[in-house]
Amino acid sequence: MHGSEIAIEVHDLSVAYHKRPVIWGIDFELPSGHLVAVVGPNGAGKSTLLKGILGLVPPTSGWVKIHGQPYHKQRRLVGYVPQRESVDWDFPTNALDVVMMGRYGHLGLLRRPGKKERAIAWECLERVGMADFAHRQISQLSGGQQQRVFLARALAQDAQVYLMDEPLAGVDAATEAAILQLLSDLRREGKTVVVVHHDLQTVADYFDWVLLLNMRLVAIGPTQEVFTAENLQKTYGGRLTLLADAAHALSLSR
Amino acid sequence: MDSYDLAIIVTGALVAGSCGFIGSFLILRGMALLGDAISHSVLLGIVLAFLITGDTSIVPMFVGALIFGLLTAVMVQALNRGGVEGDAATGVTFTAFFALGVVLLTAFAGRVHLDLDHVLYGEIAYVPWDLLYLGDVAIGPKALWTMGIVFLIDLLVVGAFSKEFKICSFDPGMAASLGINVALFHYLMTALVSLTTVAAFESVGAILAVAMLIVPGATAYLLTDSLGRMLGLSVAVGSLSAAGGYLLATWLDSSISGAMAATAGALFLLAFLFSPTHGVISRALARRRVGHRGESMLQ
């Protein structure tokens with residue numbers, strides 16, 4: 001495969017903003033070919049973990065390897081889906097153009113996207129059911145449609161490892177089902193997909209691995225082994241409403 | 001229309017075109033007032049250049065202005081990263097630079113005739129007489145050549161790195177994850193803004209330069225949904241403002257740069273009201289249509 005069957009190896013990774021640690025001493029190895037939910041309370045450092053793996057925030061300690069090599073050597077193997085709110089959707093561009101950005105990493109400096117990139121972008125839009133909206137200005141898309149465009153852009157990156165920051169936040173039920181189906185398909189193709197996820201109810205149904213995070217790594221492993229009441233208690237602490245939700249989720253999944 | 005008129009219109013169009021082109025990126029990044037800030041903080045660069053070289057010729061002053069234009073942007077970015085809000089960071093930086101420039105000017109350069117109106121704030125009406133010589137042959141107005149070359153540099157750099165500038169403006173996080181040096185492209189863009197603004201001040205004055213950095217881009221933003229077309233339209237709107245403004249100024253016998261800037265403002269107002277996609281009136285009409293359809297569906 002790509003040098004190693006371990007898709008993501010994180011060693012002693014810590015990230016701090018203004019001297020306050022956000023994630024602390026994260027250590028794990030993630031075998032390739034899993035669909036992983038990253039769960040934890042607000043402010044647990046879930047987005048920061050993704051950004052730390054991607055080198056978008058400077059770590060205070062630790063290192064990351066993607067398929068056995070440092071990230072900067074493996075960029076083409078990695079696709080990133082940032083939070084939808086992180087970009088200006090009033091930007092003058094259309095859906096097809098945004099998806100084409102997924103190809104930029106494969107083009108060198110000075111090379112412009114051409115016919116081939118356009119064809120790939122169309123294919124990816126079709127895969128997320130957005131081909132009819134290819135030429136629509138992005139501000140005229142609904143939240144769910146914007147999220148699908150972001151996913152299509154990640155598909156266009158043709159990566160082995162995907163890191164997605166809340167791709168299911170604020171989307172309608174139809175889009176959620178479509179996205180979850182797509183994520184499962186990616187896993188079946190042997191890709192590794194790491195998803196920051198809020199809805200504990202759907203974790204056991206769709207994700208075969210779980211990473212529980214609350215500043216420190218609480219647990220990582222196969223959902224059946226790791227997604228337990230005890231671990232959720234450790235992750236969410238005394239937040240009773242969330243615990244109730246978690247218990248409910250567990251009762252549904254068992 | 002004689003060659004005098006033509007020189008002014010073409011120079012005005014080049015200023016408006018290059019400022020509009022580069023200004024479009026500032027608008028998309030919510031940094032529209034950076035040009036205004038640069039117009040003030042270059043004073044410090046000019047005064048320092050004079051104090052260091054003792055020379056009032058244009059080259060050292062241009063370089064000094066350029067350096068402080070760039071430094072303004074670097075400083076705003078640094079303060080911003082340090083936790084100061086964007087517009088406050090801009091305000092703090094340029095007022096401090098400008099004030100320091102005034103202090104140095106009055107303390108050390110007071111006795112020397114440093115004619116800022118002449119050095120910094122050019123006047124477009126004099127453009128046709130300030131000629132550039134190649135040997136003994138006059139090859140046309142200096143400002144026309146300066147702005148032409150600056151515009152060409154802007155086009156070449158943005159053209160060469162179009163996809164990098166686009167993704168850095170739209171989604172810096174994604175750009176960084178692809179290994180694009182977002183900070184480098186930010187400073188490259190800032191250098192272009194600085195170059196264009198300083199060259200435009202020198203050629204045609206501050207009002208026109210600041211107006212053209214913002215207004216044509218803002219107008220184009222209302223008329224299209226594509227970045228490429230927005231850039232093209234901002235150049236077209238800028239050029240139209242220059243030509244229309246000159247006719248207006250001749251008719252009223254008024255300030256040429258003022259009339260060009262005012263024309264740009266009028267074109268913006270037209271786009272704001274009547275743009276087919278973003279215009280206030282067309283949106284109101286669309287709402288009414290939807291409303292009627294809704295009513296007829298209910299009946």
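A:Ala169 is partly exposed, with a relative accessible area of 23%.

Some housekeeping before we go on. This is a predicted model, in which local features need pLDDT of at least 70 and side-chain atom pairs count only at pLDDT 80 or more, while totals for chains, interfaces and linings use all residues. Residues are numbered from 1 along each chain as its sequence is written, chains are lettered from A in the order in which they are written, and side-chain values use heavy atoms, with hydrogens and water left out.

**Around α5 of chain A**

Helices here are DSSP runs of H or I with at least four residues, strands are runs of E with at least two, and both are numbered from the N terminus. A:Ala169 sits in the loop between β7 and α5 of chain A. Contact means heavy atoms within 4.5 Å, and leaving aside neighbours within four places in sequence, A:Ala169 is in contact with A:Arg84 and A:Gln147.

Helix α5(A) itself covers residues 173-188. Its buried residues include A:Thr175, A:Ile179 and A:Leu183, and the buried set packs against β3, α3, α4, β7, β8 and α6 of chain A. Just after α5(A), A:Gly190 takes a positive phi of about 90 degrees. In helix α6 (residues 200-206) of chain A you will find A:Thr202, which is buried at a relative accessible area of 11%. Not counting residues up to four places away in sequence, A:Thr202 touches A:Glu176, A:His197 and A:Phe207.

The expected span of a helix is 1.5 Å times one less than its number of residues.

| Helix | Residues | Expected span | C-alpha span |
|---|---|---|---|
| α10(B) | 18 residues | 26 Å | 26 Å |

α10(B) bends by about 35 degrees at B:Met212, with B:Pro216 following within four residues; the bend is the angle between axes fitted to the seven residues ending at a residue and the seven starting there. Because 14 of its 18 residues are buried, α10(B) is largely enclosed by the rest of the structure.

**Pockets and cavities**

On a 1 Å grid over the protein atoms alone, a cavity is a set of points where a 1.4 Å probe fits but cannot get out, and a pocket is an open set with protein on both sides within 12 Å along at least five of seven lines; lining residues have an atom within 4 Å of a point. Grid points are joined across faces, edges and corners, and a volume is the space filled by probe spheres set on the points.

The largest pocket has a volume of about 1200 Å³. Its lining has 39 residues, and among those closest to its centre are B:Gln77, B:Asn80 and B:Arg81. The second largest pocket has a volume of about 590 Å³ and is lined by 26 residues, with A:Asp97 and B:Lys166 among those nearest its centre.

The search also finds two cavities of 30 Å³ or more. The second largest cavity holds about 40 Å³, and its lining includes A:Ile8, A:Phe28 and A:Leu211.

Terms used:
Buried means under 20% relative accessible area, exposed over 50%, partly exposed in between (1.4 Å probe, protein chains only).
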